Amino acid sequence: MPHSQTSAPRDSLLKGRLARGASPWLLPTVATAALSVARSLRSPRSRTATAVAVPATALAAGMLWFFRDPERTIATGRVISPADGVVQSIMPWQDGRTRVAIFMSPLNVHVNRAPLAGTITSVEHVPGGFIPAFNKESEDNERVVWHFDTELGDIELVQIAGTVARRIVPYLTPGAKVEQGERIGLIRFGSRVDVYLPPGVDTAVEVGQKTVAGVTRLDRD
């Protein structure tokens, strides 16, 4: 696949927005940073105030970067990637489907998008552990299982929490109609997203390939 289809666009807070569901983490961090900076400015000679302000500001900046939600020009194709990340595995399933697992590091955008247009038929939260998302045993982790009724039939998508990502925030509920590439939810911090391609649909990506949500096509004509 040409690199132009898989390279990530330049994400910018100025061109995008912050992810829904970020406030429980972001607001306290930014408030702490603002307070510590204010104290540092009032007492410029205080080493303690400066020692607190510097890491607090760095953490707030990191949070702002992590929870970025850039606008995307949605690609054409039957099935597009729901997540930014790297293809971790491509596995044939016993029922004829093919599972494409995408690992998301803490540096990736963590807002997930609908791989196809259709109607959401179910959104199921499944309790589980918090093993690192790149580990095979992470399939038993906390996860949210989505099913979409699409032109290709039922499409299953699974958001899997990782070691740090202990909260998955769905944006939509069963019965909602979605456009291809529409935002469907957020996973906080490193995690994984699996897409199950229907029987007869060949993959257009390879293990180790970078993906961009809403941009990289997963299937081949």
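Colleague: What's the strand order in the open sheet?

Modeller: This is a predicted model, and in it the eight strands of the open sheet run E10-E6-E7-E8-E12-E4-E3-E14, with antiparallel pairing.

Colleague: Which strands stand at the edges?

Modeller: E10 (177–178) and E14 (210–211). Each has a single partner strand, so one side of each is left without a neighbour in the sheet.

Colleague: OK, and E8, how many of its residues are buried?

Modeller: Seven of nine, so E8 is largely enclosed by the rest of the structure.

Colleague: What links E7 to E8?

Modeller: A hairpin, through two residues. Across that pair, Phe148 has Ile155 in E8 as its bridge partner. On the E12 side, Leu157 is bridged to Val195.

Colleague: Switching to packing: which residues have the most contacts inside the largest nonpolar core?

Modeller: Ile120, Trp146, Phe148, Leu157, Leu172 and Ile184, in a core of 32 residues. Strands supplying at least two residues each include E7 (143–150), E8 (153–161) and E11 (183–187). Another core, of five residues, lies apart from it, with Val126 and Tyr196 among them.

Colleague: Back to Phe148, what is it in contact with beyond its neighbours within four places in sequence?

Modeller: Its contacts include Ala114, Pro115, Ile120, Leu157, Val178 and Ile184.

Colleague: And how many bridges join E3 to E4?

Modeller: Six, with E3 (85–92) and E4 (98–104) running antiparallel. Val87 has Ile102 in E4 as its bridge partner.

How values were computed:
Residues numbered from 1 in each chain as written. Predicted model: local features only at pLDDT ≥ 70, side-chain atom pairs only at ≥ 80, totals over all residues. Heavy atoms only, no water. Pairing = 2+ DSSP bridges. Helix = DSSP H or I, 4+ residues; strand = E, 2+ residues; numbered from the N terminus. Core = buried A, V, L, I, M, F, W, Y, C linked by side-chain atoms within 4.5 Å. Buried < 20%, exposed > 50% of the residue type's maximum accessible area, 1.4 Å probe, protein only. Contact = heavy atoms within 4.5 Å.
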